[in-house]
Amino acid sequence: MPPPVIRASQARIPAVDRVLHFPAVFRLVEDYGRLLVTEAVRTVLADFRQALAAGRIPEWDERSIGELVHAYANAWSTPSLRRVFNLTGTVLHTNLGRSPLPPEAVAAVARAAGPANLEYDLDKGRRGDRDVHVEGLLTELTGAEAATVVNNNAAAVFLVLNTLALRKQVPVSRGELVEIGDAFRIPDIMARAGCRLQEVGTTNRTHLWDFEQSIGPRTGMLMKVHTSNYAIQGFTAAVPEEALAALAHRHGLPFVVDLGSGSLVDLRRYGLPYEPTPQDALGHGADLITFSGDKLLGGPQAGIIVGRADLVKRIKRNPIKRALRLGKMSLAALEAVLRLYRDPDRLAERLPALRLLTRPEEEIAAQGQRLRPVLEQALAGKVRIELLPCRSQIGSGALPVDALPSHCLRLVPHAGRGRAVEQLAAAFRALPIPVVGRVEGGALCLDLRCLDDEAAFLSQLAALNFRARP
Ligand SMILES: *Cc1c(COP(=O)(O)O)cnc(C)c1O
């Protein structure tokens, strides 16, 4: 027989202690702990009181209170940082964690989570250097003399400037004073690194003689910033790296290139557009090159500095290096990813970032054909769904003018107009593994390029809860 339904107004709202002893509530203590369950009970009872005060009369029985308490305890226990499906069409999406890691890197992170020889030389039995785990691989893969790593590329640029040009002038082309993301701007980083930015040339054209004229006794280094998230087109001129390197060396100055994305292989080999590599920059005479670990490289967040051994040594001695150093889990992941580069033939299968970027258009379209009827059913005719060709972005500022042919499911709610699309997008984000799409022209677009776990995507569609509310 079901428990009797009691009206809160008749039976008064029960005491916290009493509710805690309901079997349906007491059971939860095992999973969530006494403190959290007690807080959830208080919250449920406070909701009841509020409902009463508003003239509504909440009905309750032990089981329904148990369910409400469970819902709060569960919501509060959901991790804040969660896995999502990135169907935005931007593969290396900075807000969604950039490149996905390969299983080799995930396993390496798990191994490094406990005690590890992070800064310990196992042969000699004494203190070691954390960079050794990746320096050999980086020099092998790029041909550089030396390498070091920090927390991200912004930190790498900062550290290089602070080490080589503190209280000195650094000329940079006006066409390269970039802002990346929302907080990395070359002029600001320069100022904070203690350098004086000297703008040379104009936005669209900078010549070698602009740099020549700017060099003086207080110049600390020459720098080229890869304009990774935009392109200047039309009547343009930029000074080639070879010419800048030669000029810097004539004046005894280091020449530094901030590559931004920095792929370690020529991406044309995989049918992707060309993106400059550290090897190219070294070949052009660069003394130091900085790039990100989690952009086209396909690894964890990291900033990589490769180049001349004497300069890398100075960088490693800068006390700020200690404040910007890479953690052991990131080092473990980076090492594992770099190892995959030793076998470029299989890289496009084994490195998820590259696999997603090179996913054939027909395969994405076929996936769309499979998913469309399933989604239509899950949304019970409330939404019109089309499968359309679209273009994915590489993201993270790489190759800004190029886009990859892809396919997307375009979902248009029948009722509710503009707000309904937002509600539909919110319903997808509320799934156990949130699905993040792109709202565009009154529709929710789900670019399928990055949907590699179709089974997990399908298995949660039953939980999709979309009602267009006016
Ligand atoms: C992305 C980028 C940066 C910043 O790199 P993070 O790894 O995000 O810190 C700096 N310079 C250029 C040219 C970039 O493209």
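**View 1. Helix α3 (residues 23–32) and helix α4 (residues 34–53) have axes that come within 7 Å and cross at roughly 135°.** This is a predicted model: local features need pLDDT of at least 70, side-chain atom pairs count only at pLDDT 80 or more, and totals for chains, interfaces and linings use all residues. Residues are numbered from 1 along each chain as its sequence is written, and side-chain values use heavy atoms, without hydrogens and water. The crossing of α3 past α4 is right-handed. From α3, V25, L28, V29 and Y32 meet R34, L36, V37 and V41 of α4 (contact: heavy atoms within 4.5 Å). By class, that contact has 7 nonpolar, no polar and 1 charged residues.

**View 2. Helix α11 (residues 241–250) has E241, L244, A245, L247 and A248 as its buried residues** (buried: under 20% relative accessible area; exposed: over 50%; 1.4 Å probe, protein chains only). Down the axis of α11, the buried residues fall within an arc of 165°, so they line one face of the helix. Their cover includes α10 (208–214), β11 (222–225), β12 (255–260) and α12 (278–283). G252 follows α11, with a positive phi near 70°.

**View 3. Helix α13 (residues 309–317) buries L311, V312 and I315.** Seen down the axis of α13, these fall within an arc of 100°, so they line one face of the helix. K313 and R317 are exposed on the other side of α13. Among the elements covering the buried residues of α13 are β6 (146–150), α8 (153–164) and β13 (288–292).

Conventions:
Axes fitted to C-alpha atoms, helices over the stretch in contact; angles between N-to-C directions. Helix = DSSP H or I, 4+ residues; strand = E, 2+ residues; numbered from the N terminus. Left-handed = near helix turned anticlockwise from the far one by under 90°. Nonpolar A, V, L, I, M, F, W, Y, C, P; charged D, E, K, R; others polar. Arc of directions from axis to C-beta.
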